[in-house]
Amino acid sequence: MAAILEVEDLHVAYGATRVLHGLGFTVEARGITTILGANGAGKTTTLRAVSGIVRPVGTVRFDGRRIDGRPSEDIARLGIAHVPEGRGTFVGFTVEENLRLGAYVRRDRAAVGQDLDRVYAHFPVLGERRRQAAGTLSGGEQQMLALARALMLRPRLLLLDEPSLGLAPLVVQEIFRIVRTINERDGVSVLLVEQNAALALGLADHAYLLETGRVVLAGPADEIRRNDAVRRAYLGY
Amino acid sequence: MAIDTFLQQVVSGLATGGIYASLALALVMIYQATEIVNFAQGEMAMFSTYVAWSMLNAGVPYWAAFLGTLVLAFLGGFLIERVIVRPVEGKPVLTLVIVCIGLLVILNSLAGWIYSYVIQPFPSPFPRAPIRVGTVVFGPHDLGVIVVTLAMLGLLYAFFRYTTLGLAMRAAAQNPGSSRLCGIRVGRMLGLGWGLAALVGAVAGLLVAPVIFLEPNMMGGILIYAFAAATLGGITSPFGAVVGGFLVGVIENLAGTYIPFIGTELKLTVALLIIVVVLLVRPTGLFGHAVVRRV
Amino acid sequence: MPRGRAVGLGALLLLVLLMPFALSGFRLFQFTQVCVYAMVLLGLNLLTGYNGQISLGHGAFYALGAYTAAIMIDRWSVPYGWTIPAAGAACFLVGFLFGIPALRLEGLHLALATFALALAVPQILKYFDGWTGGSQGIVLSKPRAPLGIPLSPDQWLYYLALVVLLVLFVLTWNLLRSRPGRAIVAIRDNPIAARAMGIDAALYKSLTFGVSAGYTGVAGALGGLAVAFVAPDSFNVFLSITFLVGIVIGGLASVPGAIFGALFIQFVPNYAQEISKAAPWAIYGVFLIAFMYVMPDGVAGFLRRLAHRAGDQARPVRPAASTTPKGGQHAHT
């Protein structure tokens, strides 16, 4: 299958601090790829480099076209939706305003209305709170809102940064179930960054293991799950 | 009669208050989007008013010149943000402050050079005849200012609240990072914000020039009152800026009328007192909110 | 210190010391003013650059210093030498007292409060005309060199200002390297963490305000003597804004920045006038904006970056007080 995202030799530095050292990975079209690693491995930075929040050195190709060096608003317009660390909710705005902002770049008004309904079907709690200020939502609800907002873009590639962080297990299950549905039913490719390796490996097709800014292990998710070193270090058994 | 004087002064105060409210709103709009206080807001308004004056001198009818000036002011504000402010976006606050100060002196100096420092009269579009309501007499310009200001503020409110572009502009101001992830061109939104602020300022300039006469330094005192209004209303609240503006206008007028030693000399002191008192008692103003910082 | 730099500094020092014998009265007066402004900028930088409190009102302390000296000389015939420390002390006290209510104000609010103070100064000075001589001001005579030293009043004043400036420089340098100095910077960088470490932020902030005002008062006294005249309209809000321009152009959180800033605010307006008689301030404004494009962290910051690139002996970098506004694209905080 063709790759929807190809990253080669990615270097990122924050000022004088080098964080990524020649990273390379791909995301298959309609697939789910996960990047695992401990805190500080560079996972969040990787997503930021793809979505353009930080400027990378190296090659990032989306659908065969280079996007490295382009500003994040342009990259979003190409169809890459990034659900960032910390969720990035527009706290002063209502749930519905948040969702409409997610669909800002779309021209197809009627379809936006349909997507709004679909999103409320996925996340009924958002539908109940649609006129509430987003800042008053709980952590789990805000994560759902962030994901919903990303979906309003009708993205072809979804970047998820640690969606399980700080959430109750049931909520996390629900979110992962929805991600799987979106991937299988709508064909949205997913690049998932997670510390919770067990969860991520349960969802993804392919996995990469990151340590201090370098890929140390790569392969199909099943293989990675069975790998001894990974089991001991990241899966705890 | 005492009540007549009181009402007249209140209406008069609301009129000047409308001017302060407009300029204060312009300041708050830019502050919310970029966290800088645009010290050049007054000079931008003054310069726009001179542009209108040129048009009027060339024979353009008043309302055509008014609209033309608004369009030019909007474009000017947009260009100033995209061309002059943009290279220092993201730099420390004080760097931006210096750029605004630079802009201030440039506009002031250019106006003086192009148009000279001679004080000019400026026409009011409203009829001359005083308007009687019962026993109270109101100036038509005052009433006109109140109507125009409220109409403009109403339109702005509707724009920000009910249109998608307005929503995007508010989002870009509050959370530029997330806005970019939604594909919103934040830079362009900032430019639009400055354009709108300049437009609002131009309206203020056009409405106040008939009263205080046109000269390059005319907006200095008004800007200070706008600061007082924004402080009173709360620098984080556009609604506060507007309410603050009207309040300051009325307070200034009533203080000038009823407190004997505040003549025209000490009028500026009223603005300063308002600033100091508000900052001592309630720094966030009537409608502002404190910025809560997470540790 | 590398040899090249030592030689360069030596030459500069010689130039500065011998200048009074080569320059005319007016030019010398301008350099005296540079010294005076540098004192103000040192003080203001201590408050704004190192302690993070923005003041748009230091013109008020400058005026207070100038008038303290002028009133002492004119009314009480105090020898001018005593008026300089007296001005400093008076301003320290007022600054410290002002700093107390100012503690509740952050960033923009503090800037507004000090702005209001600066605006009020000319009016207050005119109001208390019994003391201040009202709009007419007070005329002073230029002090003569003591003990019959063969220097003209202009030359003597220059050396006096230079010496006072050097003293203040040394004081500032030592202060910043001491524990209180580090506390001051800590309060700027992270006030909550500073308090959690046991630093009495309130006391330090008020003290910094006082010290900053004190420097400015000393400068005001010397400035008043140099001009030999004090009047309310010379101390308007534009003076305070000029001081702010000075520290930003010179470089926030930089001691040598005070000199660069002082040179800028003294000479660039004149230079702008030479370029265009018709709209000199427009030229000045262009200079301001151009400087901020090329050197957003001031001359000192610019030189620092050049030095780093040249792989020079790196001094520990003290970053300027930065509350980065939200426009930046690549902000990752």
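In chain C, residues 24 or more positions apart account for 78% of the contacts with a separation of 6 or more. That's a handy way into this predicted model, where chain B touches chain A and also touches chain C.

**Chain C as a whole**

- Chain C has 14 helices and two strands.
- Its radius of gyration is 20 Å, close to the 20 Å that the globule rule gives for 333 residues, so chain C is as compact as a globular protein of that length.
- If you boxed up the C-alpha atoms of chain C along the principal axes, you'd need a box of roughly 60 × 50 × 45 Å.
- Of the 333 residues in chain C, 52% are buried.

**Zooming in on C:F115**

- You'll find C:F115 in helix α5 of chain C, which covers residues 107–127.
- Is C:F115 buried or exposed? With a relative accessible area of 8%, C:F115 is buried, because the cut-off for that label is under 20%.
- Leaving out residues up to four places away in sequence, C:F115 touches C:L56, C:V237 and C:I241 in chain C, plus B:I224 and B:F227 in chain B.

**Where chain B meets chain C**

- This contact takes 52 residues from chain B and 44 residues from chain C.
- How big is an interface?
- For chain B and chain C, the buried area is about 4,000 Å², and carbon and sulfur atoms give 76% of that.
- Three residues to look for are B:L94, B:I98 and B:L279, which supply 15% of the area that chain B buries against chain C, more than any other three residues.
- How many salt bridges are there between chain B and chain C? The count is zero.
- Five residue pairs, both partners at pLDDT 80 or more, are in polar contact across this interface.
- On the side of chain B that touches chain C, the elements giving two or more residues include α1 (2–34), α4 (93–115) and α11 (267–281) of chain B.
- The largest share of that side comes from α4(B), with 14 residues.
- By class, the side of chain B that touches chain C divides into 36 nonpolar, ten polar and six charged residues.

**Where chain A meets chain B**

- Here the contact takes 23 residues from chain A and 18 residues from chain B.
- Chain A and chain B bury about 1,700 Å² between them, with 61% of it on carbon and sulfur atoms.
- Three salt bridges turn up across the interface of chain A and chain B.
- One salt bridge pairs A:E97 with B:R170, and their closest N and O atoms are 3.4 Å apart.
- There are also five residue pairs in polar contact across the interface of chain A and chain B, both partners at pLDDT 80 or more.
- Which elements give two or more residues to the side of chain A that touches chain B? They are α2 (72–78) and α3 (95–102) of chain A.
- Of the elements on that side, α2(A) gives the most, with five residues.
- Sorted by class, the side of chain A that touches chain B has ten nonpolar, seven polar and six charged residues.

Conventions: Residues are numbered from 1 along each chain as its sequence is written. Chains are lettered from A and ligands numbered from 1 in the order in which they are written. This is a predicted model: local features need pLDDT of at least 70, side-chain atom pairs count only at pLDDT 80 or more; totals for chains, interfaces and linings use all residues. Side-chain values use heavy atoms; hydrogens and water are left out. Contact means heavy atoms within 4.5 Å. Buried area is the accessible area (1.4 Å probe) that two parts lose on being put together, summed over both. A salt bridge is a side-chain nitrogen of Lys or Arg within 4 Å of a carboxyl oxygen of Asp or Glu. A polar contact is a pair of N or O atoms within 3.5 Å; within protein, one must be able to donate a hydrogen and the other to accept it, and residues adjacent in sequence count only if both atoms are side-chain atoms. Helices (H or I, at least four residues) and strands (E, at least two) are DSSP runs, numbered from the N terminus. Ala, Val, Leu, Ile, Met, Phe, Trp, Tyr, Cys and Pro count as nonpolar, Asp, Glu, Lys and Arg as charged, and the others, Gly among them, as polar. The radius of gyration is taken over C-alpha atoms; the globule rule is 2.2 Å times the number of residues to the power 0.38. Buried means under 20% relative accessible area, exposed over 50%, partly exposed in between (1.4 Å probe, protein chains only).
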